[in-house]
Amino acid sequence: MLNSEDKIKLLLREVNNDLLNFKKSPLYKYRIENKNLPVFGEGSCRARIMFIGEAPGKKESQTGRPFCGASGKMLDVLLESVGLKREDVYITNIVKDRPPENRDPSKEEIEMYSSFLDRQIKIIQPKIIATLGRFSMNYIMRHFGLEDEIEIISKAHGKSYEAKFSYGKVKIIPLYHPAVALYNGGMRKVLKKDFKILAE
Ligand code: URA
């Protein structure tokens, strides 16, 4: 008999298998040509908090792990600042394959890959979704029926929006992308302050 955690893991594996064979995506071709890996997501399958970034960068697509490069180190620092560990949360992206030259994901790519994220959310059922950057903020706010409340990220960051979803109430917390803090001490302070809302 499978326990509920095993069931969650099994369902996530099915989504990951579909991603591995996602041949219809133009980024799939780029993945294969460059011997890249898709980046599904990782962390606790029972996480209360899910972080959603944009798309994998070079290091992520070499290892298959989300946020393992410079932005990831910053994310680790921010998590640690509020007493959270990677193992306590779930970390993923909207787009699961690396766009060429680390460019921003296109509207079409976000649309194409969002079903993987939607399935991950339904399976893991996080109570809090922290979006990292404007792409995931815009997507998630719409997905949770909050399109009328969308603001630019400089206004929305650090706020908490409540949504009702198929599995219950979810808090959406838009945050700046950790990459903005890499070379900007001021933004690091803003992000650290915004992260405190997660600890609360
Ligand atoms: N930036 C993202 O948005 N996601 C990653 O996984 C790495 C960098």
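How much space lies in the largest pocket? The volume is about 380 Å³. The legends below describe close-up views of a predicted model.

**View A. The largest pocket and its lining residues.** This pocket holds about 380 Å³ of space. Its lining is made up of 20 residues, of which A55, P56, G57, S71 and N102 are the closest to the centre. Two or more residues of the lining come from each of α3 (58-63) and α4 (70-81). Helix α3 contributes the most, with 3 residues. By class, the lining has 8 nonpolar, 6 polar and 6 charged residues.

**View B. The second largest pocket, with lining residues from α5 and α6.** About 220 Å³ of space lies in this pocket. The residues that line the second largest pocket are K107, I110, E111, R134, F135, N138, Y139 and R142. Helices α5 and α6 (134-143) each supply at least two of the lining residues, and the largest share, 5 residues, is from α6. The lining divides into 4 charged, 3 nonpolar and 1 polar residues.

**View C. The contact between helices α1 and α5.** The axes of α1 (residues 4-20) and α5 (residues 107-124) come within 10 Å and cross at roughly 175°. Angles over 145 degrees count as roughly antiparallel, so α1 is roughly antiparallel to α5. On the α1 side, the residues in contact are I8, L11, L12, E14, V15, D18 and L19. They meet Y113, F116, R119, Q120, I123 and I124 of α5. This contact has 9 nonpolar, 1 polar and 3 charged residues.

Key
Residues are numbered from 1 along each chain as its sequence is written. This is a predicted model: local features need pLDDT of at least 70, side-chain atom pairs count only at pLDDT 80 or more; totals for chains, interfaces and linings use all residues. Side-chain values use heavy atoms; hydrogens and water are left out. Axes are lines fitted to C-alpha atoms, for helices over the stretch in contact, and angles run from 0 to 180 degrees between N-to-C directions. Helices (H or I, at least four residues) and strands (E, at least two) are DSSP runs, numbered from the N terminus. Angles under 35 degrees count as roughly parallel, over 145 as roughly antiparallel, 65 to 115 as roughly perpendicular and the rest as oblique. Contact means heavy atoms within 4.5 Å. Ala, Val, Leu, Ile, Met, Phe, Trp, Tyr, Cys and Pro count as nonpolar, Asp, Glu, Lys and Arg as charged, and the others, Gly among them, as polar. On a 1 Å grid over the protein atoms alone, a cavity is a set of points where a 1.4 Å probe fits but cannot get out, and a pocket is an open set with protein on both sides within 12 Å along at least five of seven lines; lining residues have an atom within 4 Å of a point. Grid points are joined across faces, edges and corners, and a volume is the space filled by probe spheres set on the points.
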